[in-house]
Amino acid sequence: MSFITTYTKKYFDPLNVDESLLDIKDIAHALSLICRGNGHVQYFYSVAQHSLACAKEAKTRGYSKEVILGCLLHDGSEAYLSDVTRPIKKELTYYLEVEDVLQNVIWKHFIQRDLTKEETKLVFEIDDEMLSLELKELLNDEINQDYLKLQRKVDLSFVAFEIVENEFIEFYKETMEI
């Protein structure tokens, strides 16, 4: 048996998912330390930050709790599998199958039911919109200056991941109470 040791010290096999081992702390922690764009960004921007932005956008639009949580957790599988850049990922059929199974288990576990096709479509529409916005912002010098000021306030020494990790967990808990 092959496994990874998670942040909360669980032995997790991403190829044979034991749903009882899924932990929002593991997902929040890992995603807060994984940089978007495979690190090819001007400033560190974590997958957790992106996921929070997607979830907040879904909440602002008045979407259901399930869609909001779907957005928050849409990259949850990356906490256990990491990620592969888009041009390569689309060629890795087995990886895509494993990712799909794991992602669906994560959604079912934390949302407490499967997402419908329409809900899944909304989640990935927001993801695509946020990606487009992020790319525009990361290329816009004026916005970059604001972002850099924000990052300096938060501390670029990766201590900031704890802030994002905690916000991710708190957002999940608050949304579950809706």
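This is a predicted model: local features need pLDDT of at least 70, side-chain atom pairs count only at pLDDT 80 or more; totals for chains, interfaces and linings use all residues.
User: Which residues form a nonpolar patch on the surface, and what accessible area do they have together?
Analyst: One member, Met1, lies in the segment before strand E1 (4–5). Met1 counts as exposed because its relative accessibility is 88%, and exposed means over 50%. The patch consists of Met1, Phe3 and Tyr11, and their accessible area together is about 440 Å².

User: How many residues line the largest pocket, and which of them lie nearest its centre?
Analyst: The largest pocket holds about 990 Å³ of space. Its lining is made by 38 residues. Those nearest the centre are Arg36, Glu78, Asp83, Arg86 and Lys89.

User: Which helix gives the most to the lining of the largest pocket?
Analyst: Helix H2 (47–60), helix H5 (86–89), helix H6 (93–111) and helix H7 (117–139) each supply at least two residues of this lining. With 9 residues, the helix that gives the most is H7.

User: How do the residues of the lining of the largest pocket divide into nonpolar, polar and charged?
Analyst: Among the lining residues nearest the centre are Asp83 and Lys89, and residues of these two types count as charged. Over the whole lining, the division is 13 nonpolar, 13 polar and 12 charged.

User: Is Lys89 buried or exposed?
Analyst: Lys89 forms a salt bridge with Asp83, where the closest N and O atoms are 3.0 Å apart. Asp83 counts as partly exposed because its relative accessibility is 35%. Lys89 has a relative accessibility of 15%, and under 20% means buried, so Lys89 is buried.

User: What separates the C-alpha atoms of Ile178 and Ser64?
Analyst: Ile178 is found in the segment after helix H9 (160–176), and at 58% relative accessibility it counts as exposed. Along the chain, Ile178 and Ser64 are 114 residues apart. Their C-alpha atoms are separated by 9.3 Å.

User: What is the phi of Lys9?
Analyst: Lys9 lies in the loop between E1 and strand E2 (11–12), and it counts as exposed at 63% relative accessibility. Lys9 is not a glycine, although its phi is positive. The value is about 70°.

User: Where is Ser82 found?
Analyst: Ser82 is a residue other than glycine with a positive phi, near 70°. Its relative accessible area of 40% makes it partly exposed. Ser82 is found in the loop between helix H4 (78–81) and H5.

User: How many residues apart in sequence are the parts that Asp23 and Lys10 tie together?
Analyst: A search of the whole structure finds 9 salt bridges, and one of them joins the side chains of Asp23 and Lys10 at 2.7 Å, N to O. Asp23 lies in the loop between E2 and helix H1 (24–33), while Lys10 lies in the loop between E1 and E2, so the parts tied together are 13 residues apart.

User: Which residues do salt bridges that share partners join into one network?
Analyst: Glu129 and Arg61 form a salt bridge, with the closest N and O atoms 2.2 Å apart. Glu129 lies in helix H7 and Arg61 in the loop between H2 and helix H3 (65–72), so this pair ties together parts 68 residues apart in sequence. Both count as partly exposed, Glu129 at 39% relative accessibility and Arg61 at 33%. The network joins Glu57, Arg61 and Glu129.

How values were computed. Residues are numbered from 1 along each chain as its sequence is written. Side-chain values use heavy atoms; hydrogens and water are left out. Patches are made of residues with over 30% relative accessible area and no salt bridge: like charges are joined within 9 Å, nonpolar side chains (Val, Leu, Ile, Met, Phe, Trp, Tyr) within 5 Å. Accessible areas come from the Shrake-Rupley method with a 1.4 Å probe; for residues, only the protein chains shown count as cover. A salt bridge is a side-chain nitrogen of Lys or Arg within 4 Å of a carboxyl oxygen of Asp or Glu. Helices (H or I, at least four residues) and strands (E, at least two) are DSSP runs, numbered from the N terminus. Buried means under 20% relative accessible area, exposed over 50%, partly exposed in between (1.4 Å probe, protein chains only). On a 1 Å grid over the protein atoms alone, a cavity is a set of points where a 1.4 Å probe fits but cannot get out, and a pocket is an open set with protein on both sides within 12 Å along at least five of seven lines; lining residues have an atom within 4 Å of a point. Grid points are joined across faces, edges and corners, and a volume is the space filled by probe spheres set on the points.
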